[in-house]
Amino acid sequence: MERSTIVRVHEGLHARPATRFVKLAKSFESEVEIIKDGKSASAKSAVKLMLLAVKENDEVTIRTKGADEIEAVEALVGYLENPLAGLAEEQAPAQPDTAGVTLKLEPTKPAAFDEEIAGALKGVAASEGYAVGAAFAHFPPEIKPERRTLSVGDINAELVRFAEAVEAVQVRMNASLASDTLSANDRGIIAALRDIAADDELRDEVVATINTGSDAVTSVIGAASKIAAQFGQVDDPYLNARADDVQAVGRQICLALLGQADVSLDDIPEGAILIAEDIGAWDLARAPLKRIGGIVCGHGGATSHIAIIARAHGIPAVLGMGAQVHELAKAHEIALDGHRGHVVANPEGSVLDRFRARIDEAAREREALKAFRDTTPRRADGTVIEVAANIGSLEEIDAARDAGAMGVGLFRTELLFMRHMHLPSEDMQAETYAALAKAFAPYPVIVRTLDIGGDKPISGIEFPDEENPFLGWRGIRMCLDRPDIFKPQLRALLRAAVHGNVKVMLPMVADVAEVRATRALIETCKAELAAESVAFGEFQLGVMIETPAAVLIAPALAKEVAFFSIGTNDLTQYIMAADRLNPTVAKLNDVTNVAVMSAIEMTARAGVAAGIMVGMCGEAAGRPDLIPEFLRMGLTELSMSPASIQRAKKRIAELSA
Ligand code: PEP
Ligand code: MG
């Protein structure tokens, strides 16, 4: 039995959809093959299926053979054509599998130490904060092939040994999954690893090698490396990353075969500084993060997975240390400055005193600021000033609420698009925005539509090579040219508006026509949703003021929108013509320059005159030294990273006292 169809699974047959598809295929007795571009794979192997790299809109053929071949074809083709139907019972939790993170690094706080610390080793400042603690070295030993040659009589026993090892790994992974402390993201990672451990592709490869007389450990290492290399060659960053997963599973099976325990992070002492070459997804997903005082790694940069997790959990981290980690691993105590990326081994005397003083000072300030957490800041005339949070994922909600955020003033949606390495579906976006709105209701959440440009690649969007990406096809410009990307986002926002106080703002606006074109698209989306009987709500539409053009046409823009949010990060670079990422022109890239402050004031005046809300979500919004100016200009909303909220509330309270 054979049937061809076009794949309508938005994400392609990756990760969760691949798992669902394989589960469905396995529920039939028949053999099931999936064929794409003349290449075929068993649909009962997630690894084989993923390696076929089936994407949305690809044509594939499903071939079945066996007693229930007709039902199997029906069900599998049905899934590919309409993936959301019928599989409700195993829908994963509503959260997207994002680890908590803000997309762009906030500039570091004023330097921790004004002077250099003698003997400090330097790395990448990946998560701010100071820490001093016992060094905890985490360097899992490499597992070497045993290279034993088996006699024919030993082969069966070796196959049994391998099967038992796989089973032991699966039992361990299932036990990890049963833990209720796992986040949705970690659960997803462990479930994916467990599926690889159970996969036919890996098993068949190992069994075939053992049958040639090779011992199980050597066979597993060989099979895992071979499959990992195949993942590495696929032209898809998401699938490339699966290579590490396969190697991690291979390692676990080998350890089980050798009867060895893995070097685990379970025993890390309270407050210790973790020193590692790298920390894999498997280790990180299970690590007791609450106990870790700081992280120092040889690999990694400011946007690596470890950095994202460290920032989300408030763990100071210095990464990209290279071979220096081996020196540090010999130390008994480590001090680290996550603001500047400095690490000191065995700090003593005045260095240790200074670190401890910084840590104490930060702790004292944190404690004192807590008093402002639940206050409602007001201007002297009684007007409430909304102090909101800038976040980029649902995992940051708790930190924002704990800090006392009065809603979200900037939800950077880029992360949803970047982390998954494929375009997020409308449903996934709708769930995310609804969860955000519910978490902060009745406070507003301002969701910024996709602000991505040629400087950051996204799978599924081809960017032209541009001489000046920051002056190029980014933000609202790209979205309006790509309704296939923009409309699902707008539809998702309309659907989420049913669940709370959703507001939407457009990035990089330079022309009134961009707002009007967006409105027209929103109306089309509403008509479509109504025709499909999908529930939706209304949202206020606003614009970011971050181009000089937007400042100059602010009076005209104010007639079109419900609010302004001033993006000082971009506004400063465009007003001053000074790249925000270029340290050589950092002096010019200064929000306090009179040119930038005048632009902010012009914007505020236009907004206030038109009676619309004027807020700010650029970095400057959280600066206590500038807040008095912004309030004087008439801003009534300030949105900032959660860590700055209580200090801002305190500053506003001082002004109206
Ligand atoms: C800004 O430009 O000020 C802003 C808030 O947006 P982003 O930093 O994400 O460009
Ligand atoms: Mg911006």
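1. A polar contact is a pair of N or O atoms within 3.5 Å. That cut-off applies at ligand 1, where one of the oxygen atoms is 2.7 Å from a polar backbone atom of Asn569. Keep in mind throughout that this is a predicted model.

2. Arg448 brings a polar side-chain atom to 2.8 Å from an oxygen atom of ligand 1. Gly567 uses its backbone instead: an N or O atom there lies 3.3 Å from an oxygen atom of ligand 1. The cover is complete. On its own, ligand 1 has 290 Å² of accessible area, and the protein covers 100% of that.

3. Turn next to the magnesium ion, ligand 2. Glu546 (OE) and Asp570 (OD) coordinate the ion, at 2.1 to 2.2 Å. These two residues are 24 apart in the chain. Glu546 is in the loop between β17 (540–545) and α19 (548–552). Asp570 is in helix α21, residues 568–576. Both Glu546 and Asp570 are buried.

4. The whole structure holds three aromatic pairs. One of them is Phe21 with Tyr79, a tilted pair: the centres are 6.0 Å apart, with 40° between the planes. The pair links distant parts of the chain, 58 residues apart. Phe21 sits in helix α1 (residues 15–26), and Tyr79 in helix α3 (residues 69–81). Phe21 counts as buried because its relative accessibility is 0%. Tyr79 is buried too, at a relative accessible area of 3%.

5. Phe411 and Tyr433 also pair. Their ring centres are 6.4 Å apart and their planes stand at 85°, so the pair is edge-to-face; the cut-off for that label is over 60 degrees. Phe411 lies in strand β14 (residues 408–412) and Tyr433 in helix α15 (residues 426–440), so the pair ties together parts 22 residues apart in sequence. Phe411 is buried, with a relative accessible area of 0%. Tyr433 is buried as well, again at 0%.

6. One more ring to check is that of Phe563. What sits over it? The charged end of Lys503 does, 5.6 Å from the ring centre.

Conventions: Residues numbered from 1 in each chain as written. Chains lettered and ligands numbered in written order. Predicted model: local features only at pLDDT ≥ 70, side-chain atom pairs only at ≥ 80, totals over all residues. Heavy atoms only, no water. Phe/Tyr/Trp six-rings, centres within 6.5 Å; stacked < 30°, edge-to-face > 60°. Helix = DSSP H or I, 4+ residues; strand = E, 2+ residues; numbered from the N terminus. Buried < 20%, exposed > 50% of the residue type's maximum accessible area, 1.4 Å probe, protein only. Lys NZ or Arg CZ within 6 Å of the ring centre and 35° of its normal. Donors = N, O, S within 2.8 Å, 3.2 Å for Na, K, Ca; no water. Polar contact = N/O pair within 3.5 Å; in protein donor to acceptor, adjacent residues only side chain to side chain. Areas by Shrake-Rupley, 256 points an atom, 1.4 Å probe, with all protein chains shown as cover.
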